[in-house]
Amino acid sequence: MSENKKKIVKSSLAKENFYKLLHNRLAVLGFMLMFVILMACILAPLLTPHSPTDLNLRHMGKPPGGEHPFGTDKLGRDVFARVLYGGRISIAIGLSGALGGMILGVIIGSFCGYYGGWLDAIFVKIAELVSVFPQLLLVMVMRVILGEGIKNLIIIFVFTGWIATFRLVRGRFFSLREESFVEACRAFGIRSSSIVFRHILPNCLGPVIVQLTLNTAGFILQEAALSFIGMGVPSGTPTWGNTINAAKELLNITNYPWLWVAPGLAIAFFVLGVNFFGDGLRDVLDPKQQ
Amino acid sequence: MTESNVLLELNNIKKYFPITAGIFRREVGAVRAVDDISLRVYRGETLGLVGESGCGKTTLGKCVVRLLEPNSGSMQYNFGGEMRDLLSLNAQESFAARRKIQMVFQDPYSSLNPMKTIYQSFDEPIRIHSDRNKEERRELIARLLEAVNLHPEYMYRYPHEFSGGQRQRICIARALCVDPELVVCDEPVSALDVSIQAQVLNQMKDLQEKLGLTYIFIAHDLSVVEYMSDRIAVMYLGQVLELAPARSLYDRHIHPYTQALLSAVPVPDIRAKRERIILEGDVPSPADPPQGCRFHTRCQYCHARCVEEMPKLEPLAADPEHFVACHLAEERFAAVGT
Amino acid sequence: MATEYILEINNLKTQFVVRRRRVVRAVDGVTFKVRRGKILGLVGESGCGKSVTAHSIMRLLPKTAVIPEGSILFHPEGGESVDMAKLNPTGRKIRSIRGNEISMIFQDPMASLNPVYNIGDQIIEVLREHSKITKKEALERAVRMLELLSIPKASERIKDYPHQFSGGMKQRVMIAMGLICRPQLLIADEPTTALDVTIQAQIIELIKEMQSEFGFSTIIITHNMGIVADMADDVAVMYMGKIVEFGTKEDVFLNPLHPYTQALLKSVPILGNAGEDKLIPIRGVTPDPSEMPPGCAFEPRCDFATEACKTCVPGRVGVTDSHIVRCVHCIGEKLDD
Amino acid sequence: MLKYFFKRLLVMIPMMLAISLLVFGALELTPGDPLTAQFPPDQLVGMSQEDLDALREAVGLNDPMLVRYFRWLIAFFTGDMGYSIQTGTPISQVISYLLPQTVILAAAALLISTIFGLIFGIIAATKHNTIWDYLASVIGVIGISMPEFFIGIVAILIFAINLGWLPAQGRGSADATFIQNLRYLILPASSLGLSLAAALTRYTRNSMMDVMNQDYVKTARAKGLSESRVFFKHVFRNALMPISVLIFLRLPMLIGGSVVIEQVFGYAGIGNRLLTAINSSDYQLVLTIILMLSFVALLASLLIDLVTALLDPRVRL
């Protein structure tokens with residue numbers, strides 16, 4: 001047959017997708033933004049000699065320049081250091097919340113999606129309940145019960161963050177389990193666990209990863225908002241939200257713009273980077289969703 | 001066709017899908033997809049199942065492969081001379097029996113896992129059903145691909161690199177990788193272009209000859225079914241209305257539905273003078289099938305008995321291989337002549 | 001002046017500009033004529049360009065498509081001839097033709113009706129677009145049309161939504177929508193492919209009946225040779241963007257001259273042969289439209305291919321007055337493209 | 001339609017109960033004497049420990065939890081929500097005074113974001129693959145990447161402080177008419193609605209593009225309808241269904257976000273009161289407000305759900 005003459009090349013899906021991603025300009029830009037900010041946060045001690053928490057009463061409220069590139073706050077703390085060290089915690093909270101939510105969502109979603117039945121019905125109702133309840137209020141209820149702290153914040157994010165992944169994975173499982181290749185597996189007598197984890201799940205991972213980026217971005221924004229109103233991370237710990245907290249007072253907005261502009265932009269750029277990257281990933285991994 | 005040649009015997013198979021409603025998922029009815037079907041499949045033959053969408057042909061096929069659990073009935077399978085009910089096997093026997101019956105699906109595009117290479121898709125079933133080592137498995141896969149006229153090296157490729165016809169041939173090869181006796185083919189060519197259909201159909205015929213396979217061939221296209229099958233069962237609303245060897249079904253179709261179905265098929269031959277029988281209306285819903293004969297709502301010969309009493313699928317007095325479920329079968333047979 | 005033909009397509013080319021300025025020649029020099037009051041069957045496999053041809057006539061192509069060459073001359077009865085290929089695809093002129101003088105019905109009746117409006121609204125929408133008529137009158141005409149197409153209880157059902165209809169009934173509604181303005185030409189793009197055989201037979205009979213009732217001309221597009229044999233007066237066989245064989249039904253079915261037509265007829269099972277003659281499949285696959293062979297498009301799959309077929313694209317050859325073939329092996333009068 | 005409405009309403013009741021149970025459970029777990037939340041503080045002053053215990057028994061605080069829950073729930077629905085320990089005012093009064101302000105803010109944000117989201121989304125869809133489409137999608141991503149409080153601060157700086165067009169803080173004087181106070185709503189509502197507007201722009205565009213590829217749009221063109229009729233009657237109407245689903249999903253975020261925005265703009269709504277209540281450990285008030293707000297979210301969701309159903313005849317029956 002003529003088709004046999006074609007050159008035989010071993011193909012790799014991962015490589016193909018990687019090249020497609022490289023061609024997406026916004027995704028590359030997003031990744032660069034994300035990467036630069038992330039590296040700056042990780043390498044904070046190399047970039048600034050100051051500590052984010054040390055008070056320096058002789059340098060209170062200094063505008064940017066010289067020793068303090070982003071100025072100092074009213075307690076004399078270096079804003080640049082606070083942005084870098086704060087970024088570590090903010091990103092860590094956002095990422096771990098999103099990861100935890102993803103794992104929970106994937107487990108529950110694949111179970112419900114493959115088996116269906118009453119357990120599935122219950123989880124769908126729970127998901128509906130949690131998603132109708134404004135997340136911010138949920139955080140407040142939790143805070144009333146558990147008190148403040150980074151750990152509690154992450155627990156809350158996981159608790160609210162699994163919903164989107166759950167819906168997505170469940171939906172994909174519902175459609176994928178009807179696909180003929182899954183029926184073929186069942187006709188061969190392949191075990192359910194193998195069908196779920198080795199045959200169906202890999203087909204959901206693209207959208208799940210996209211959702212992970214979306215959730216990470218969303219949680220970083222939420223952490224900032226919560227810390228901004230004093231409901232998030234304890235005020236002693238530097239995070240992007242806590243750093244921007246000073247702008248709550250009207251006077252500071254005009255008199256000390258460097259207090260909030262730098263951390264605000266840091267959040268915006270990082271989240272923007274994550275979102276651009278996530279969008280690019282979606283185009284590559286999940287073209288149908290577009 | 002003797003008793004000992006029976007490979008599979010279906011007795012009173014029923015498959016109902018519940019219809020639920022309300023918050024509490026109360027059962028308000030059932031779609032009677034397969035409603036009391038008894039059939040025999042003989043070793044080495046091709047049994048064609050033909051009917052319009054919603055007649056239950058795919059459901060029946062999936063019951064045979066045990067992708068669906070029938071609500072009632074038995075499926076006796078010939079395990080080397082011993083007939084045993086597939087539905088009452090224990091877990092281990094049931095697993096071993098799976099390699100005897102395989103399926104080829106309608107849509108070649110969704111039949112292969114897009115994330116796995118052809119090799120990966122073949123490897124797992126072979127591994128769990130035999131004790132071949134890695135090298136032997138690779139060899140077997142290469143042989144199977146060659147058997148469907150594909151280059152063995154293709155096993156390292158992903159499904160999206162193949163055309164529809166190639167994929168369907170890969171699917172056929174995959175079904176054969178556990179060395180089955182019975183292959184249920186569910187509309188294997190209806191998703192393919194006309195010029196490709198013949199390639200796949202001929203391929204299937206060749207493989208059947210070479211490997212002594214038995215096929216249950218499901219399709220909505222009567223001409224394709226006729227080309228492939230030794231015997232044909234015509235289905236309507238979950239039941240078999242007529243079952244006969246392909247030739248005699250065409251020459252002496254007895255059931256009014258078969259007659260209408262045959263006459264509705266457009267034939268690419270302008271010399272053929274055919275009288276077309278146009279059925280009125282649509283197929284009734286399988287959730288609420290008519291009482292009595294399933295076909296009476298659209299039958300031009302319908303009379304009082306048909307409305308009340310459901311006819312049984314019985315052999316004709318003159319031709320024991322020709323089964324019809326119609327109260328008028330014998331009269332109509334007499335009219336058609338022999 | 002009314003000619004013998006209602007539609008004349010000359011050397012029509014429709015191209016799609018895909019990413020990175022690559023051009024796909026979906027329709028590549030198509031020429032055929034539709035006789036007034038007759039049915040033309042346009043037959044070919046998926047991707048051969050038959051649907052694009054139909055959409056080109058109606059100018060319903062996506063924005064990425066261009067018609068760089070060719071003419072589509074429409075000769076309406078009692079009106080001036082128009083070259084549809086030259087019209088602005090969103091302009092007033094083409095809109096006054098669409099749905100009014102030329103109607104089109106599509107393959108999938110399930111997807112062709114808007115799910116959020118009832119079918120009455122959707123039918124009278126055409127009427128009210130093309131004539132000054134009150135809503136009440138329009139509804140009455142719609143009901144009469146539906147009754148003509150034997151939809152039971154038409155006056156009640158006209159208020160129903162598409163999802164309350166079966167597939168066959170939806171296709172009837174589509175036909176009603178297409179015929180309500182009494183068009184002169186009906187283009188039916190695979191009107192029965194999504195339907196069951198017995199329903200398909202109903203729709204085919206219906207179109208034939210309506211045609212003899214109203215006397216419009218029809219182009220029926222299908223991949224099923226059987227439907228063409230059943231319905232058409234003239235047949236055009238299309239392969240890779242070109243009409244490879246054109247003639248009356250008798251020409252094409254009794255004396256097929258192009259190897260593709262011959263192969264196509266031999267590769268489909270015919271009911272009643274009971275598998276006696278083994279099917280002869282066509283080798284290989286249809287070429288990728290962006291990597292067309294330089295010569296005859298069918299050459300890589302053709303059993304009669306010679307060196308000549310590899311190099312030059314065969315021109316149109318008129319074997320008889322009505323029978324035109326694009327194959328170098330056919331002897332006859334050479335025609336222009 | 002009515003049947004559908006009641007069905008949705010029926011589904012809502014267990015959800016309301018579940019939320020209230022959650023809130024009640026939280027209330028149980030918080031520190032503090034529940035008595036102080038049930039009586040005006042001045043009545044409790046000077047009571048002896050025995051008197052307090054007797055009172056506790058009398059009002060049933062020693063009853064099993066479930067009994068107390070239902071009593072609390074009934075009291076809640078009859079408007080007897082207890083007292084703020086911080087100020088001593090009845091909670092029902094606080095809510096009836098402040099909740100409407102927050103609802104107005106959220107509704108204004110919803111209105112603004114829907115209008116802008118739809119307009120930009122439609123522009124992007126009709127001019128798709130042009131610079132406008134590209135711009136709309138990039139700006140859309142930027143919009144959902146900005147923290148809303150940051151936008152609020154920037155808006156104050158530009159429009160209130162530098163340009164002086166709009167007030168920076170507060171919600172106007174109580175004597176002025178609603179129309180006069182509308183100026184106070186513009187900045188907070190726009191900041192609050194921006195991310196929803198961005199999300200809607202993207203979603204509207206994609207939803208329209210989906211619909212434009214449907215066969216029935218081709219049918220509409222084949223009927224000879226003009227492009228604008230095809231667009232508004234056939235494309236837009238059908239695209240609205242998924243769009244209203246997005247609004248449905250984002251609504252709780254809007255209500256949560258109002259708490260943050262009220263902080264930025266010193267807007268005297270219930271969110272502001274909620275934060276002061278949390279900081280002064282006024283738990284009865286905190287949880288009542290939260291319960292109230294989630295009911296608002298639930299009701300609003302029901303409303304959107306009904307709109308979706310109205311748009312789709314398949315649900316209507």
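This is a predicted model: local features need pLDDT of at least 70, side-chain atom pairs count only at pLDDT 80 or more; totals for chains, interfaces and linings use all residues.

Trainee: Which cysteine sulfur is nearest to that of Cys204(A)?
Mentor: Cys204(A) is in no disulfide. Its nearest cysteine sulfur is 13 Å away, and a pair has to be within 2.5 Å. That sulfur belongs to Cys112(A).

Trainee: Is Cys204(A) buried or exposed?
Mentor: Buried means under 20% relative accessible area. Cys204(A) has 0%, so the residue is buried.

Trainee: How far from Cys326(B) is the nearest cysteine sulfur?
Mentor: Cys326(B) is also in no disulfide. The sulfur in question is that of Cys306(B). The distance is 6.2 Å.

Trainee: Is Cys326(B) buried or exposed?
Mentor: The relative accessibility of Cys326(B) is 14%. The cut-off for buried is under 20%. Therefore Cys326(B) counts as buried.

Trainee: What share of the residues in chain D is buried?
Mentor: Chain D has 317 residues. Its accessible surface comes to about 14200 Å², and carbon and sulfur atoms hold 68% of that. Buried residues make up 53% of the chain.

Trainee: Are H5(D) and H13(D) roughly parallel or roughly perpendicular?
Mentor: H5(D) covers residues 65–77 and H13(D) residues 283–311. Their axes lie 13 Å apart, at an angle of about 65°. Angles of 65 to 115 degrees count as roughly perpendicular. So H5(D) and H13(D) are roughly perpendicular.

Trainee: Which residues of H5(D) make the contact with H13(D)?
Mentor: The crossing of the two helices is right-handed. H13(D) brings Gln284(D), Thr288(D), Leu291(D), Met292(D) and Phe295(D). From H5(D) come Trp72(D), Phe76(D) and Phe77(D).

Trainee: Last one. Which residues of chain B are in contact with Glu183(A)?
Mentor: Glu183(A) sits in helix H8 of chain A, residues 180–188. At 7% relative accessible area, Glu183(A) is buried. Neighbours within four places in sequence aside, its contacts include Arg177(A) and Glu178(A). Those from chain B are Lys62(B), Leu67(B) and Phe105(B).

Conventions. Residues are numbered from 1 along each chain as its sequence is written. Chains are lettered from A and ligands numbered from 1 in the order in which they are written. Side-chain values use heavy atoms; hydrogens and water are left out. Buried means under 20% relative accessible area, exposed over 50%, partly exposed in between (1.4 Å probe, protein chains only). Accessible areas come from the Shrake-Rupley method with a 1.4 Å probe; for residues, only the protein chains shown count as cover. Axes are lines fitted to C-alpha atoms, for helices over the stretch in contact, and angles run from 0 to 180 degrees between N-to-C directions. Helices (H or I, at least four residues) and strands (E, at least two) are DSSP runs, numbered from the N terminus. Angles under 35 degrees count as roughly parallel, over 145 as roughly antiparallel, 65 to 115 as roughly perpendicular and the rest as oblique. A crossing is left-handed if the near helix is turned anticlockwise from the far one by less than a right angle, and right-handed if clockwise. Contact means heavy atoms within 4.5 Å.
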